[in-house]
Structure formats: C-alpha cells, structure tokens
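Student: I would like to go through the ring interactions in this model. Could we look at it together?
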Amino acid sequence: METAGKEEISVEDEAVDKTIFKDCSNIAFYRRQKQQFSKNTYRALLDSVTTGKDSTKFQIINEVTKIPLLAEVYGIERNIFRLKINEETPLKPRYEVPDVLTCKPNTVRATTEKQEEGSADASQESQEDLGLWEEKFGNFVDVKANGPTSIGLDFSLHGFEHLYGIPQHAESHRLKNTKDGDAYRLYNLDIYGYQIYSKTGIYGSVPYLLAHKLGRTIGIFWLNASETLVEINTEPEVEYTFTQMGPTAAKQKVRPRTDVCWMSESGIIDVFLLTGPTPSDVFKQYSYLTGTQCMPPLFSLGYHQCRWNYDDEQDVKAVDAGFDEHDIPYDVMWLDIEHTEGKRYFTWDKKRFPNPKRMQELLRNKKRKLVVISDPHVKVDPEYSVYAKAKEQGFFVRNPEGGNFEGICWPGLSSYLDFTNPKVREWYSGLFAFSAYQESTDILFVWNDMNEPSVFKGPELTMQKNAIHHGGWEHRELHNIYGLYQQMSTAEGLTQRSKGKERPFVLSRSFFAGSQKYGAVWTGDNTAEWSYLKISLPMLLTLSITGISFCGADVGGFIGNPEAELLVRWYQAGAYQPFFRGHATMNTKRREPWLFGEEHTQFIRKAIRERYTLLPYLYSLFYHAHVASKPVMRPLWVEFHDELEAFGIEDEYMLGSALLVHPVTEPKATMIDVFLPGPNEIWYDSKTFAHWEGGCTVKIPVALDSIPVFQRGGSVVPIKTTIGKSTGWMANSPYGLRIALSTKGSAVGELYLDDGHSFQYLHQKQFLHRKFSFCSNVLINSCADEKGHYPSKCVVEQILVLGFRKKPSSVITHSSDGKDQPVAFTYCARTCTLSLEKLSLNVDADWQVHVK
C-alpha cells in the first residue's frame with residue numbers, strides 16, 4: 001500500500017466506527033427548522049399575482065420577519081407542475097441545480113387558486129446551538145461564510161398512506177413514518193458495511209418520492225443537491241361512530257393523510273409535482289424531466305466477475321479459464337485499484353500487469369470485456385501526469401483559503417477533480433482516448449467508485465462543506481450531485497473514444513436524479529449475511545421506481561465470507577436482477593463459483609445459465625425502460641396498482657410484466673409463502689408448469705437448486721435456447737418462446753433486437769422490434785415498429801405453450817410467402833403443455849403457427 005506521510009492506508013480507513021456519521025440531532029439546519037416551525041408562518045399576497053406566458057408569480061411574506069419571497073408556478077406539459085420559491089432580493093445568489101433536467105420543460109398556461117403553507121428558515125437567531133455561522137461535529141468545525149441558508153416545504157397528501165422512493169437507504173421499500181430525530185437523510189456518504197433498516201443516507205441520493213393509493217399515483221421531485229432531510233407522518237384511515245343520533249348509530253370515515261416535510265441545507269425551493277394518474281404516467285413524467293435509462297450494451301447484462309483484487313495477469317487468465325472449464329458463462333472481468341501503479345488511475349502496475357493489451361486480447365478472443373476502476377481522487381504527485389496537468393489548469397476542488405483541497409484516500413494525500421466544471425469534465429473525458437490511456441483498448445470499460453466523494457479522515461468521511469467549486473459555489477450546495485458528474489464525464493469519454501459510435505458502460509457508486517442517463521449503480525459495500533441479501537430487494541425496487549433501472553447488489557456480499565448456501569441463494573436472486581456482479585473485498589476467501597464443491601457449483605452454474613437464457617427478455621425490458629420509462633425490476637404495486645395487498649410487498653417482485661420472482665432469503669428454507677397477485681390472473685411455475693389462480697398466497701416447496709419464479713398468464717417470454725461462453729457467442733443462436741396462456745387462452749409478448757453495442761439503433765434505426773400474439777389457437781409473429789430494420793439470421797426453433805387444455809390434432813406453420821408446413825409436437829396432458837421443437841422460423845419475418 002502507498003503511504004501518506006508515515007501513515008499506511010488500508011481498508012480500515014473506510015471501515016470506520018459508525019458514530020462518525022451524523023444523526024438528525026447533529027444537523028443544525030434540522031434543529032433550527034424543528035424549533036422554528038411553529039414560529040414561522042407565511043402568507044401569499046394575492047394582490048401580487050401576475051400571470052405571464054410561462055408562469056404565474058406572486059409574493060409570499062414571512063409574517064414575523066416581513067421578508068418577501070417570490071413564488072413562481074409553472075404548468076408543464078404531461079401534467080407536471082413546478083413550484084419555485086426564492087428570496088425576492090437575496091443578499092447573494094442561491095444555487096440552482098444545473099445539468100439534471102434534460103432540457104427546459106415546455107410550459108402550458110397555468111392558473112393558481114390557492115397556495116399551501118410552507119416553512120422556510122429565514123430567521124436570524126444567533127444561538128450557538130443552532131449552528132448559524134459555524135457547526136461543530138466531533139473534531140470538525142464547518143465554517144459557514146454565508147450564514148444559515150436552509151429551506152423547507154411541507155406537503156399534505158390526502159388519501160395517501162403508501163409512499164416509496166428517496167433512495168438510497170438500507171430500508172424497507174415502503175417509506176416509514178419518521179419521528180423527531182429520525183428523518184430520512186439524503187447525503188451521499190461512504191459507509192462501509194452500512195447498517196440495515198436505517199434512514200441514514202448512503203452512497204447516492206434521488207430526492208424524488210411516489211405516493212400511491214387505489215386509483216391514483218403521484219410524484220414529488222425536489223430538485224436540490226444539498227444535504228436534504230425528509231420527514232413523513234401518515235395518519236391512517238379512522239372510522240368514527242356517533243351514538244347520539246338516535247337508535248341508528250352514524251359512522252363517518254376520515255381518510256388517511258400523509259404529511260411530507262422536505263428540508264435542505266441550502267439552495268432554492270424547486271419542486272415538481274407529477275400528477276400521474278397511473279404509476280406508468282408518473283414514470284414517464286419523471287423521465288421527461290431527468291431522462292430515461294440509457295440503453296446498455298448487451299454484454300453488460302451478462303454476468304460480471306469482480307474482486308478487490310485479482311492479483312496479476314496470470315490470476316486473470318486462470319479465473320477466465322476457470323469459467324470455461326466449469327461451463328459457466330460470464331462476460332466481464334473486473335480490476336480494482338491494485339491494477340494501477342500506486343493508485344494512480346489511468347496507469348498499470350508494471351509488475352502485476354506488464355502487458356495489459358495482451359491480457360485484453362485474451363479476453364477479446366473469448367468475446368469478453370474488461371472493466372477497470374477510476375476514482376475521483378488524484379494522487380498528489382508532481383511526476384504523475386494526470387495530477388500535474390490538472391493542477392496546472394486549476395481543475396481541482398479548492399479549499400476556502402484558495403489552495404487545492406487535499407484529503408486522504410487510497411493513494412494517500414489526494415486532490416479531487418472538480419467535475420462541476422464543464423472544462424474539467426471535457427478534459428477528464430479526453431483521458432479515456434486510446435492515445436491518452438496507454439494500453440487501453442475498445443473492450444475496456446469503467447467503474448467510478450469512492451465518488452460521494454469519499455475522503456478518509458474528513459467530516460463523515462467526505463469533503464468539508466466549505467470547499468470551493470467552479471463558480472465559487474461551496475461544496476454544501478452541490479454535494480449530492482458530485483458523483484453524477486463523474487459518471488457523466490466518464491460515459492462521455494467512452495463514447496468519444498469511439499467517435500460517438502459505441503455505447504459506454506459505466507458503473508457508479510454515487511448517484512443523483514438523472515444518473516440513469518449515464519449507466520448503472522449498485523448498493524455499495526454490503527455484507528455477506530442473509531439480512532443483506534434480504535434488504536437488497538427493497539433497495540433495488542426503490543432505485544428502480546426512481547428512474548434507475550440498471551441497478552444491482554454485490555452477489556455474495558462484499559464484506560466477509562458467505563457460506564455456500566447464502567452464496568447460491570444470492571446468485572439465484574442476482575440472476576433475476578438488472579445488474580449481475582459478484583464482488584468481494586480484499587482479505588476475504590476466494591469465492592469464484594466453482595470453489596464451494598461440485599453440488600454448489602452446479603446450482604450456481606444453473607442460476608447464471610438461466611440468466612443467459614433470459615437475456616432476450618431482459619434486453620427487451622431495457623429497451624422499454626429506455627424508450628418508455630418502464631422499470632425493469634418492478635414492485636408488485638406497479639403492475640397491480642389496484643390490489644391493496646400488493647402495496648406493501650417487498651420480498652418478491654416482477655421482472656417486467658411477465659415474471660414474478662421470489663428469492664429465498666432465509667437459510668435452510670424448505671417452504672416459501674408466495675403471494676400471487678390478481679384475482680383474474682393465472683400463474684405458472686416456470687420449473688414444474690403447475691398453475692395457480694391469482695389473488696392468493698400459496699406455499700411453494702423449495703430446494704437449494706432453484707428459487708420460485710412464475711410466469712404470468714397472458715405473456716410470451718423470448719429466450720435463447722443455446723448458451724455460449726458469453727453474450728458475444730450467442731448473437732446468432734436460436735430463440736425459443738415461452739407462452740403462458742391467460743384464462744381466455746391468449747398471450748402477448750415482444751422481442752427487441754439490435755447489434756447490442758452501437759448507437760445505430762438510434763441514429764440509423766437499425767433494430768428489430770417484433771410482437772408475438774397467441775389468440776384463438778394461432779401464434780402470430782408481426783412487426784411491432786415499422787421504423788426499425790435489422791436483418792437477423794436467428795430463428796425461433798422452440799415454442800412451449802403453458803396452459804393448453806386439449807391435445808391438438810395438428811400444428812401447421814404458415815409463412816409470409818404462403819407456404820404451409822406441418823410441425824411435430826409433444827403434448828403433456830398432466831401439465832397441459834404443448835411443445836414444438838426443431839422449428840426454423842426466421843425471427844425477423846412474419847409468420848403464423850396454427851394449432852388445430
């Protein structure tokens with residue numbers, strides 16, 4: 001390890017005592033707002049209302065201080081409303097978050113009828129306890145040159161008692177009531193082995209929540225990048241009985257209500273109300289503002305193998321060969337910080353990795369990729385070209401005295417690139433050019449870690465709030481968006497190196513609203529315990545509904561050594577989640593999939609191979625996330641939004657609209673209770689083909705070889721029938737269709753297909769989008785989007801129909817050129833399955849299959 005002075009930097013610098021992180025009682029602006037809430041009342045001055053082309057404006061006056069605020073209400077297309085509140089004559093401009101909204105939203109004429117009361121902290125009380133000008137925590141003092149600048153606003157949501165969102169917390173999917181001192185905190189922090197069932201903010205922040213009730217879904221997007229706290233108080237539905245009304249008692253119901261209080265340390269009030277009315281509408285409204293999930297390259301949906309650290313080129317070669325020897329597909333090898341020369345990013349350790357290009361060619365020949373790490377801290381070393389050039393051009397975050405901010409991280413003493421500066425982002429993007437990044441090739445992709453930013457020995461292990469960024473803004477104003485900017489710049493660099501032709505892949509630990517445009521995120525430094533497997537499900541569901549579909553958790557747990565059963569169960573869960581990566585910290589035992597005995601190897605192989613089988617379905621789901629804002633991984637309430645029992649479920653989820661997945665998250669489980677939603681639905685066990693009617697909980701026996709997965713009646717799931725060593729080997733392999741019939745005997749599904757790596761699907765419309773529909777015993781393959789054209793050699797060779805009640809007399813294929821051909825089939829009366837094998841139906845052509 002490198003040293004900082006005489007101190008050695010190790011994993012222990014990250015694995016610190018959790019008491020160095022604040023709770024709400026340690027946060028001055030929270031204490032101020034709680035103390036002054038009852039004192040501050042505001043009144044809208046109705047005679048100040050003016051209506052312009054884009055907005056309606058009016059003054060709000062603080063009844064105590066008489067300080068005027070300016071409110072602006074915008075009606076935005078797609079049923080969105082925006083409210084901005086700022087000081088009418090601020091002493092100094094307040095920070096407004098740039099670069100998150102995809103464009104200036106198109107407004108529509110709006111009229112304002114009434115304004116809800118809000119609370120904004122403009123008090124000039126000077127008690128030291130309120131931390132007006134400086135705030136002490138532990139050994140740190142946060143000096144506030146601009147004084148107190150916090151803001152707050154309350155919302156009352158009538159009729160709503162189910163709220164979701166505001167990641168990232170290791171908490172339940174449904175947001176809980178908060179009591180004093182227990183608000184949800186949004187403040188990006190590097191918390192190694194974070195506590196579960198805690199409202200402490202961890203690696204990323206999306207200040208956006210959804211409220212849902214029978215018949216209505218709405219969203220609130222609070223556009224603020226400073227430290228933010230959210231309080232939630234739900235008053236449940238109450239039924240009162242009045243007995244004084246004579247012989248017949250009168251009953252009155254009081255609807256539930258949830259109050260949501262948003263508080264931020266600085267900035268302006270800039271909030272968007274997304275009025276739905278359906279979950280799908282809210283998803284579209286949010287992505288209209290912040291963008292949709294980027295279309296990932298196909299390889300990134302395969303399995304990723306990571307460890308801190310693979311030792312050297314021989315280690316990489318041996319692990320790569322191990323997957324082939326054990327017939328386990330994988331797509332991406334990962335290298336952590338030890339691959340560099342002394343934690344200098346964009347370099348290679350010459351002893352461990354003397355010939356990086358040869359190593360990459362080894363992977364390329366297997367049609368695999370390499371991901372390397374690139375963190376935002378830069379080793380203070382005048383001989384290191386990245387540091388020297390950044391220092392020369394003034395590209396680092398500065399300290400309040402005007403020098404470069406310096407803190408401790410993996411390389412030792414480090415400076416931090418100021419990614420809020422467009423010129424820094426442009427320069428950083430250029431570092432990924434093949435000419436600049438020596439020994440890199442076009443199969444090398446990138447992982448941004450430690451970008452909260454993490455600063456060892458800093459306040460709460462992060463950057464001091466009075467550090468100075470581009471434009472003179474303090475770090476406190478924009479802390480939560482720092483990581484997004486690094487991922488944005490990295491993604492742009494990978495795109496630029498191919499002259500705009502190839503899709504990037506970038507994984508980032510830190511994120512903000514809009515990060516979905518740039519790549520994937522994960523749940524950070526989890527632990528190899530059953531409870532962390534269990535909490536990963538609601539964590540991923542919350543990320544998914546707040547725009548970030550490409551998300552996952554480290555399979556097996558990053559910290560510690562998982563027992564074989566836990567590792568198997570985690571692979572089985574990860575195989576049905578968007579981002580699928582095994583990872584482990586240093587000093588843990590090696591845990592490649594074949595190191596736990598033949599039986600467990602077999603179970604892990606089966607899980608990973610099932611992932612590769614489902615890639616056509618998964619890739620199609622990502623296309624819908626990209627173009628239609630539909631989450632890939634969905635809580636049950638999103639698909640079954642009028643089924644009250646589904647609103648609180650977080651131990652199972654939908655993968656798209658067709659598959660229900662219930663991971664096993666308890667040791668030694670032999671029986672699992674699975675809730676199958678939808679009274680009018682029918683569900684098929686994907687392993688046994690047994691079927692159940694929806695709207696009930698069923699007991700499903702489980703063995704260690706698999707987890708419960710059900711296909712929804714009425715769906716068609718496209719699969720690959722042949723598994724290769726990686727996705728690259730499967731481009732031309734045949735397809736199969738798993739058709740699950742509804743109670744009406746029909747089904748529908750889609751397949752999206754393109755080259756899997758370029759932007760030609762977007763710029764040249766080189767894609768194939770097919771629709772499969774089964775109705776009246778006829779399966780039809782038709783074009784779902786006439787704009788797309790992509791020739792494919794692939795054929796559908798296998799069709800399995802579940803829920804077919806009667807053995808057919810014949811099956812005939814009918815092609816677009818008018819030719820009919822009989823097909824051999826197998827029918828099983830016990831499972832009501834019809835199987836068609838050895839077909840050769842072109843996936844890109846129109847055809848029909850008639851079952852008689």
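Student: Which ring does the charged end of arginine 82 sit over?
Tutor: In this predicted model, the charged end of arginine 82 sits over the ring of tyrosine 74, at 6.0 Å from its centre.

Student: And over the face of which residue does lysine 213 lie?
Tutor: Lysine 213 lies over the face of phenylalanine 160, with 4.6 Å to the ring centre.

Student: Turning to ring pairs, how many aromatic pairs does the structure hold?
Tutor: There are 46 aromatic pairs in the structure. One of them joins phenylalanine 419 and tyrosine 482 in an edge-to-face arrangement, with 5.7 Å centre to centre and 70° between the planes.

Student: Where in the chain are phenylalanine 419 and tyrosine 482?
Tutor: Phenylalanine 419 is in the loop between strand S25 (412-416) and helix H6 (422-430), while tyrosine 482 belongs to helix H8 (residues 482-497). The pair thus links distant parts of the chain, 63 residues apart.

Student: Is phenylalanine 419 buried or exposed?
Tutor: Phenylalanine 419 is buried, with a relative accessible area of 0%. Tyrosine 482 is also buried, at 0%.

Student: Which residues do ring pairs link into a cluster?
Tutor: The cluster consists of Phe299, Trp334, Phe445, Trp447, Phe505, Trp522, Phe550, Phe579 and Phe622.

Student: A change of topic: where does proline 459 lie?
Tutor: Proline 459 lies in the loop between strand S26 (444-448) and helix H7 (475-478). Proline 459 is partly exposed, with a relative accessible area of 23%.

Student: What is proline 459 in contact with, leaving aside its neighbours within four places in sequence?
Tutor: With those neighbours left aside, proline 459 is in contact with Phe140 and Gln464.

Technical notes. Residues numbered from 1 in each chain as written. Predicted model: local features only at pLDDT ≥ 70, side-chain atom pairs only at ≥ 80, totals over all residues. Heavy atoms only, no water. Phe/Tyr/Trp six-rings, centres within 6.5 Å; stacked < 30°, edge-to-face > 60°. Helix = DSSP H or I, 4+ residues; strand = E, 2+ residues; numbered from the N terminus. Buried < 20%, exposed > 50% of the residue type's maximum accessible area, 1.4 Å probe, protein only. Lys NZ or Arg CZ within 6 Å of the ring centre and 35° of its normal. Contact = heavy atoms within 4.5 Å.
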